[in-house]
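Welcome! Please take a moment with the sequence and the 3D view below, and then we can walk through them together.

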Amino acid sequence: MVTSGPEDVVLEVKKSKIKPPPMFKVILLNDDFTPMEFVVVVLKTFFSKSQEQATQIMLKVHMDGVGVCGVYPNDVAVTKVKQVVTFAMKHQHPLKCAMEEI
Ligand code: TYC
């Protein structure tokens, strides 16, 4: 009887064709009218930031014009942008929120 030994085993190194999902930054844009405290509330409520983190991000947006709230897969980022836009509209603030692929 012939049995195959380990010398017959060929291991191929194959490149995985599975790509990680594309990721998106959710960003806030500065404007002259939305109160700073409102932006901090947005960051705490929808992006789970602490008071300190939210304040830092809000001030970065205020100074630089733009800041990152978080990085998420497409569906989560779309939902976050919708939630922020809806919340801002409800309170009659012109706060702009968008997403960008990284
Ligand atoms: N610039 C606003 C102000 O002075 C504050 C602000 C910060 C607005 C961040 C929007 O995304 C923003 N009241």
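Which side chain has an N or O atom 2.9 Å from a nitrogen atom of the ligand? That side chain belongs to His62. The protein covers 89% of the 350 Å² of accessible area that the ligand has on its own (areas come from the Shrake-Rupley method with a 1.4 Å probe, and for residues only the protein chains shown count as cover).

A word on the ground rules: this is a predicted model, in which local features need pLDDT of at least 70 and side-chain atom pairs count only at pLDDT 80 or more, while totals for chains, interfaces and linings use all residues. Residues are numbered from 1 along each chain as its sequence is written, and side-chain values use heavy atoms, with hydrogens and water left out.

**Around the ligand**

- The ligand is surrounded by Leu28, Leu29, Asn30, Asp31, Thr34, Met36, Val39, Met58, Val61, His62 and Leu95 (a residue is near a molecule if one of its heavy atoms lies within 4 Å of it).
- Of the residues in this shell, seven are nonpolar, three polar and one charged (Ala, Val, Leu, Ile, Met, Phe, Trp, Tyr, Cys and Pro count as nonpolar, Asp, Glu, Lys and Arg as charged, and the others, Gly among them, as polar).
- At least two shell residues each come from β1 (23–29), α1 (36–47) and α2 (51–64) (helices are DSSP runs of H or I with at least four residues, strands are runs of E with at least two, and both are numbered from the N terminus).
- Helix α2 gives the largest share of the shell, three residues.

**Backbone atoms at the ligand**

- A polar backbone atom of Leu29 is 2.8 Å from an oxygen atom of the ligand.
- For Thr34, a polar backbone atom is 2.9 Å from a nitrogen atom of the ligand.

**Aromatic rings**

- There are three aromatic pairs in the structure (rings of Phe, Tyr and Trp, the last by its six-membered ring, pair if their centres lie within 6.5 Å; planes under 30 degrees apart count as stacked, over 60 as edge-to-face and the rest as tilted).
- Phe38 and Phe87 are stacked, because their ring centres are 5.1 Å apart and their planes are at 15 degrees.
- This pair links distant parts of the chain, with Phe38 in helix α1 and Phe87 in helix α3 (residues 74–90), 49 residues apart.
- Phe46 and Phe87 make an edge-to-face pair, 5.3 Å centre to centre with 70 degrees between the planes.
- Phe46 lies in helix α1 and Phe87 in helix α3, so their pair ties together parts that are 41 residues apart in sequence.
- Together, Phe38, Phe46 and Phe87 form one aromatic cluster.

**Buried or exposed?**

- Phe38 is buried, with a relative accessible area of 10% (buried means under 20%, exposed over 50%, and partly exposed in between, with a 1.4 Å probe and protein chains only).
- Phe46 and Phe87 are buried too.

Notes: A polar contact is a pair of N or O atoms within 3.5 Å; within protein, one must be able to donate a hydrogen and the other to accept it, and residues adjacent in sequence count only if both atoms are side-chain atoms.
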